[in-house]
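This report describes the model shown here, starting with its confidence and moving on to its strands, cores and backbone details.

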Amino acid sequence: MANDSFRPADPAGRAFNLDITVAHPARVYDFWLGGKDNFAADRDAAEQMIAANPEVLPGVRANRAFLGRAVRYLAEEAGIRQFLDIGTGLPTVDNTHEVAQQIAPDSRVVYVDNDPIVLAHARALLTSTPEGDTAYVDADLRDTTTVLEGAARTLDFGRPVAVMLLMILQYIPDSDDPWGIVTRLLEAVPPGSYLVVSDTAADIDAEIVAEAARRYNQRLGPVRQTRRTKDEFAGYFKGLELVDPGIVVLPEWRTRPKPDQHIRAYAGVARKP
């Protein structure tokens, strides 16, 4: 059980005024992963979504496994040494820099999130091999200028970068044009860069996922979930070269899913030509 009296401070020691009556995606996700950095509102939203969609917990684990497979592919096969991980969430096992630097110790990783609790735990993300580097940018995905300016202090945008957007674009409504956000991020990186995306699906068991999203949005305050179809998901990769096996259900990307797995989410990795 999390401590609802917890008040985080950022790495510089500043205290935050945190509204713990409103759920936040990073803390809901932390609860699903078995973490302790969440509050009653987060746990309530998480439990409501589990009730509507019991596959949410396997889905969270499948997304974490996808992150590991994607980063290993990029580091081992594609030769990528720079990663921009946006919508990082709270630190857990096998974070992006840990996976990448096990393969290529000189990998450089920048994490981006806008949750005060994630910022308070940023030290756990800022451990690096001597050859590589890690950094954290406190910014909203929609503010691409701040994201890119902050990342440029650690990453060399003259060399390929893997832009990673795992389970984060669902929190960007159509009115904020998530496809345009992805385009702006990809415009900032050179050819040979990669885009990695996973996100919830609207067209797999549509009635079940619609009810899950409804319950989630009732308790998430201003941060609401928008599930999208496979065609809408494919729009993120417009003009890019998809890596085999293309856009697939999340646990099917470069692995054989368990027979009883039924994950209502998509994943894909693509190269900027």
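The mean pLDDT of the protein chain, where pLDDT is the predictor's confidence in each residue from 0 to 100, is 85, and 83% of the residues reach 70 or more. Over residues 1-17 the pLDDT is below 50, although this stretch has 36 contacts in the model beyond near neighbours in sequence, a contact being heavy atoms within 4.5 Å. Where pLDDT is low, the predicted coordinates should not be read in detail.

This is a predicted model, in which local features need pLDDT of at least 70 and side-chain atom pairs count only at pLDDT 80 or more, whereas totals for chains, interfaces and linings use all residues. Residues are numbered from 1 along each chain as its sequence is written, and side-chain values use heavy atoms, with hydrogens and water left out.

## Overall make-up

The protein chain has nine helices and eight strands; helices (H or I, at least four residues) and strands (E, at least two) are DSSP runs, numbered from the N terminus. Of its 273 residues, 53% count as buried, where buried means under 20% relative accessible area, exposed over 50% and partly exposed in between, with a 1.4 Å probe and protein chains only. Among contacts between residues at least 6 apart in sequence, 75% join residues at least 24 apart.

Strand β4 (residues 162-166) is mostly covered, with five of its five residues buried. In a regular strand the side chains alternate between the two faces of the sheet. In β4, A162, M164 and L166 point one way and V163 and L165 the other way, and all of these are buried.

Strands pair if DSSP finds at least two bridges between them. Strand β1 (residues 82-86) pairs with β4 in the parallel sense over four bridges, and I86 has L165 as its bridge partner in β4. The pairing of β4 with strand β5 (residues 194-200) is also parallel and runs over five bridges, with V196 in β5 as the bridge partner of M164. Between β4 and β5 the chain crosses through helix α7 (residues 178-187), and this β-α-β crossover is right-handed, meaning that, with the strands pointing away from the viewer, the path from the first strand over the helix to the second runs clockwise.

## Strand β8 and its antiparallel partners

Six of the seven residues of β8 are buried, so this strand is largely enclosed by the rest of the structure. Seven bridges join β5 to β8, and the two strands run antiparallel, with V197 standing opposite G268 in β8.

Strand β6 (residues 241-242) pairs with β8 in the antiparallel sense over two bridges, and A270 is the bridge partner of L242. Strand β7 (residues 248-249) likewise pairs with β8 in the antiparallel sense over two bridges, and here V249 stands opposite Y266.

## Nonpolar cores

A nonpolar core is a set of buried Ala, Val, Leu, Ile, Met, Phe, Trp, Tyr and Cys residues joined through side-chain atoms within 4.5 Å. The largest has 36 residues, and those with the most contacts inside it are L84, L165, L185 and L195. Among the elements that each supply at least two residues of this core are β1, β4, β5 and β8 (265-271), while α7 gives the most, with four residues.

Not counting residues up to four places away in sequence, L185 touches I86, L141, T144, V147, L148, V163 and L165.

## Backbone details in the loops

A cis peptide bond joins D244 and P245, with omega about 10°, and P245 is found in the loop between β6 and β7.

M167, in the loop between β4 and α7, has a positive phi of about 55° and is buried, with a relative accessible area of 14%. R254, in the loop between β7 and β8, has a positive phi near 55° and counts as partly exposed at 37% relative accessibility.
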